[in-house]
Amino acid sequence: MRERLSRSRSPLRLIALSEQEQEAFLVEFAQHYWSPSEGSCERADRLTRYRGRLLAEIEQLVMDVCHDAPRITTATRVRWQRFVLLDDLARMSDVLFRGPIDPRHADEMDLRLHHAWRTLRHQIPDLADFAQSTRDVRISAAKMAMMLETGRPTDLLPDALELPDARTLSCLLSLRCEKDDAEELNELYRLLCQKLQGCSCSHCHRGFDESSSCGIFDGEQLTIPVTVPKVLVPPCGHALHTLCIGEQIIPNDSAESRGLCRQCGQPYGWTGIDVDPMVNAFCLMFGPYVDTRSQEMYAEKKLSTTAILSISEVCVNFSLELSGLVSPSSIWLLLLRRHAFEHPDMVSLVGQEVLRSLTLPEGEELEVPTLVDSPAGPQSDGLDAPPMLMDEALPSLLPESLSPPSEPSDVSEELAEPSAVMLNQLVAGCDGDRSMNGLLPQTN
């Protein structure tokens, strides 16, 4: 036992990360980004081995922390720091491939990262302490972008002269963290717009510039919060405004083009790195609509079949635009978690019917239940009580495949359907979930 423990704790892991060591990690990452593309199979193998090394150390760090639990020592905090730094690098590593890749290529890696975080999370008594201890080692998206932009090698092959491209910058923006302040992110958006100069949005055909209300700024004000990307660049390279994604998912758009670039007609090819910012944008644009319709139904004390079907259709359309990376039911559940609704009890009732409509057999019509007034409780203070379903014995309508899973006992069992298992865990929620960067701030 003593021999095994000594092997699991190298002296390196017990030393606080110096600025020089942190910089060395970033330099190594940049070297992989700029490695020649000749012999693409060999390059892909090198990147896979690099990511494998990151994953192996991340998982070992988690094992070390679990061994020390419940004690929180200086060595524990050092392991936290190394975990966060390596986890950031692993999540950024999609950009290293510099081009279109299989949307599911990182499913297993993402699941292992998510499982490592969930395991570590259970050993952290205070998330605020964890965040404070690791803040200085987080990798700034803006810094990484500037390192790639200014550290371009002089002996590049012709196919790499335009790197880092707009897709790379867009991916890095998806992984911004608390070290990136608003002005740094705005500078990165300006650089992204420069990369897209001469290009137009594949939906509205307008350009990408700082003065466009469709783009980054509307006069002197940001049109949407800094936590949500204003421009999205799919692997095909044909960028579009984030607000235009909202227009594409409305029901009157052509169903044949769902999931396809409106410019080249090829599949968007979004990957896991795109999901979180796009879900954030969806919640920002669609949350107020759901809130408004729910308030109308609350005032009328009646569920609207038309509104419920419309909400369901938008969730389906958004899932199709994401090429099925997130199911319509998961999209609805994520919206519930990320938006602050005026009448959450009413939205919960609406949500049951939305989920039921999404799982109805084809051809079966949705029949919504009747609402009745809830009996006022002894501490109601005269306030209106929310409506409730007529049938109090109505079973839960949450599909079994989306129910919050129990803590897995064997990682190998999860790898059969990694993307589905990981999304279930995201829906179930995990405080401080590191796979949910830049969560949409709640709005009143």
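**Figure 1. Arginine 121 and its contact with isoleucine 124 in the predicted model.** The side chain of arginine 121 reaches the backbone oxygen of isoleucine 124 at 3.0 Å. This is a polar contact, that is, a pair of N or O atoms within 3.5 Å; within protein, one atom must be able to donate a hydrogen and the other to accept it, and residues adjacent in sequence count only if both atoms are side-chain atoms. The model is predicted: local features need pLDDT of at least 70 and side-chain atom pairs count only at pLDDT 80 or more, whereas totals for chains, interfaces and linings use all residues. Residues are numbered from 1 along each chain as its sequence is written, and side-chain values use heavy atoms, with hydrogens and water left out. Arginine 121 belongs to helix α5; helices (H or I, at least four residues) and strands (E, at least two) are DSSP runs, numbered from the N terminus. With a relative accessibility of 17%, arginine 121 counts as buried. Buried means under 20% relative accessible area, exposed means over 50%, and partly exposed lies in between (1.4 Å probe, protein chains only). Valine 62 is 59 residues away from arginine 121 in sequence, and their C-alpha atoms are 9.6 Å apart in space.

Figure 2. Arginine 98 is placed in the loop between α4 and α5 (107-121). Its relative accessibility is 18%, so arginine 98 counts as buried. The side chain of arginine 98 reaches the backbone oxygen of tyrosine 33 at 2.5 Å. A polar atom of the arginine 98 side chain also lies 3.1 Å from the backbone oxygen of serine 35.

**Figure 3. Histidine 32 and the residues it touches.** Histidine 32 is found in helix α2. This residue, histidine 32, is buried, with a relative accessible area of 15%. When residues up to four places away in sequence are not counted, histidine 32 touches Arg43, Leu47, Tyr50, Arg53 and Leu96. Contact here means heavy atoms within 4.5 Å.

**Figure 4. Helix α7 and its surroundings.** Helix α7 covers residues 141-150 and is mostly covered, since seven of its ten residues are buried. These buried residues are Ala141, Ala142, Met144, Ala145, Met147, Leu148 and Glu149. They pack against α2 (19-33), α4 (74-92), α8 (166-174) and α9 (182-195). At the start of α7, a side-chain oxygen of serine 140 comes to within 3.3 Å of the backbone nitrogen of alanine 142.

**Figure 5. The crossing of α7 and α8.** Two packed helices are described by the angle between their axes and the distance between the axes. The axes of α7 and α8 come within 8 Å and cross at roughly 160°. That angle makes α7 roughly antiparallel to α8. Angles under 35 degrees count as roughly parallel, over 145 as roughly antiparallel, 65 to 115 as roughly perpendicular and the rest as oblique. The axes are lines fitted to C-alpha atoms, for helices over the stretch in contact, and angles run from 0 to 180 degrees between N-to-C directions. The crossing of α7 and α8 is right-handed; a crossing is right-handed if the near helix is turned clockwise from the far one by less than a right angle, and left-handed if anticlockwise. In this pair, Ala141, Met144, Ala145 and Leu148 of α7 meet Thr168, Leu169 and Leu172 of α8. By class, this contact of α7 with α8 has six nonpolar, one polar and no charged residues.

**Figure 6. The crossing of α8 and α9.** The axes of α8 and α9 come within 9 Å and cross at roughly 160°, which makes α8 roughly antiparallel to α9. The crossing of α8 past α9 is left-handed. Ala166, Leu169 and Leu173 in α8 meet Leu185, Leu188, Tyr189, Leu191, Leu192 and Lys195 in α9.

**Figure 7. Glutamate 183 in helix α9.** Glutamate 183 lies in helix α9 and is partly exposed, with a relative accessible area of 43%. A polar contact of 3.3 Å joins the side chains of glutamate 183 and arginine 190. Glutamate 183 and alanine 142 are 41 residues apart along the chain, and their C-alpha atoms are separated by 10.0 Å.

Notes
Ala, Val, Leu, Ile, Met, Phe, Trp, Tyr, Cys and Pro count as nonpolar, Asp, Glu, Lys and Arg as charged, and the others, Gly among them, as polar.
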